[in-house]
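Let's take a walk through this one, from the whole chain down to a few local spots.

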Amino acid sequence: MFLSDLNALKLWGADIGNVYLEAFTEEKIFIVAGPEFGNRKGHILTISKALYGLTTSGARWHDRLFDVMRDMGFSPSKNDPDIWMRPSRDGEVYEYIVIYVDDLAIVAKDPAKICQILRDKLKFKLKGDGPLEYHLGCGYWRDRDGTLVADPKKYIEKMMEWYEKEFGEKPRKMKTPLEPGDHPEIDESPECYEKDQSRYLTMIGQLQWLVALGRFDIFCATTTMSKFRPAPREGHISRLKRMYGYVLEKRAAAIRFRTAEPNYDDIEIPQHDWMRTVYGNVKEVIPEDAPEPKGKPVVTTSYVDANLYHDVVTGKAVTAVLHLLNQTPIDWYSKKQSTVETATFGSEFSAARTATDQIVDLRNTLRYLRVPVKERSYLFGDNKSVVTNATIPTSVLSKRHHALSYHRVREAVASGFLLFHWIDGKKNPADILSKHWTFVSVFPMLKSLLLWRGETKDIKNKPTVSDKDKAN
């Protein structure tokens with residue numbers, strides 16, 4: 001979706017009907033015909049199509065679609081085999097088809113022609129082909145200024161319908177997913193009965209999918225509550241009800257695809273000599289088999305944070321990372337760290353290492369999607385000690401058990417593709433993903449990422465989503 005707006009391509013969607021019946025099975029299966037087959041009753045009939053329910057039908061459909069895509073000039077990405085690409089006819093950009101079983105998202109200069117080939121030449125039964133309006137639970141539309149919006153409002157409506165059916169009332173609206181500083185791991189309320197246990201699993205599943213659709217503001221709370229699925233308590237399901245109330249209150253939140261490059265002219269690029277360190281003249285490792293990029297370039301920006309002692313039972317911290325392509329949130333991460341850290345420095349350095357690994361992966365993903373990537377990625381963190389330790393060649397490490405994180409981040413900085421910069425914690429949007437926050441502390445960041453219309457460079461003069469927009 002981001003690449004469609006970046007390179008001025010059209011975004012279409014389509015659904016292929018009865019997909020498995022478009023392929024032939026390789027299993028040797030027969031049936032004895034019943035009376036519904038008329039004069040063939042009692043005959044032995046072999047199954048030729050990949051029927052629903054056969055163990056290999058999914059693989060056969062994949063093989064069939066593979067041949068179709070190849071014949072149309074598309075090739076799969078080495079990073080994700082369900083993303084197919086080909087150069088446009090003028091050779092200026094790449095066109096894409098993203099496949100999820102039978103759902104297609106088409107990014108091309110002439111998607112109508114692609115759909116026509118699928119329907120007329122290949123005889124696929126296409127449904128709902130046209131400009132993308134709804135895909136995998138998320139709606140797509142444009143703001144008044146033309147900004148593309150990914151809006152899970154319809155999915156939220158289904159969540160609320162289910163909630164009202166199960167509990168007999170609508171959730172009470174809340175301003176935050178959980179109480180600030182809440183620790184549900186020490187809840188000692190009675191365990192839920194079987195019916196509420198089933199409800200709990202459903203609610204967690206719905207919230208997890210909502211996070212995948214762009215609502216990263218509930219990611220930390222959802223991750224925290226997911227650990228109680230085997231044996232939830234009454235206090236835990238009450239917290240999920242609160243989260244539903246927050247989702248209802250902020251149901252207008254959505255991802256907006258802002259493709260303009262961010263302006264980092266005011267950030268000073270350090271001029272350090274790393275040649276006399278253990279890293280020497282290190283360079284970024286670029287995949288040798290990465291194809292030639294085409295289209296407009298992309299800048300990656302990431303924010304990292306850690307919340308020490310997030311879990312008071314295990315003592316573990318939480319790592320939070322928010323990634324943006326140009327000005328669009330594109331990926332988010334919130335997870336408990338695998339080790340217990342005794343100081344903020346250790347947890348923040350571990351988080352910085354995780355963020356660095358993800359940035360490398362994101363840059364290579366873009367390369368395999370044939371997107372031009374700018375020379376430098378920007379990583380912002382709010383711990384000065386970690387930023388200084390990672391970016392100053394003469395800075396030494398005093399705790400050896402942080403050595404792997406220390407060297408991983410420093411090598412990336414020394415290679416020149418990563419600029420690690422300090423920002424005030426009050427302006428770090430990764431806080432949204434690392435802790436159970438207060439509304440006042442994160443709303444200035446949250447509204448610019450999920451609520452403001454259009455561009456955000458003049459954010460004080462921009463209108464937010466109105467009550468009328470919420471109703472629509």
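Helices (H or I, at least four residues) and strands (E, at least two) are DSSP runs, numbered from the N terminus. By that count, the protein chain has 13 helices and 17 strands. Keep in mind that this is a predicted model, where local features need pLDDT of at least 70 and side-chain atom pairs count only at pLDDT 80 or more, while totals for chains, interfaces and linings use all residues. Residues are numbered from 1 along each chain as its sequence is written, and side-chain values use heavy atoms, with hydrogens and water left out.

Start with overall shape. Of the contacts (heavy atoms within 4.5 Å) with a separation of 6 or more, 72% join residues 24 or more positions apart.

Now for the inside. Buried residues (under 20% relative accessible area, with exposed over 50% and partly exposed in between; 1.4 Å probe, protein chains only) make up 51% of the 472. Helix H6 (residues 219–226) has seven of its eight residues buried, so it is largely enclosed by the rest of the structure. Those buried residues, including Phe219 and Met225, pack against helices H5 (194–212), H7 (234–249) and H11 (431–434), plus strand E15 (328–336).

For contrast, look at glutamate 164 in helix H4 (residues 153–167). Glutamate 164 is partly exposed, at 36% relative accessible area, and touches Glu169 and Lys170, leaving aside residues up to four places away in sequence.
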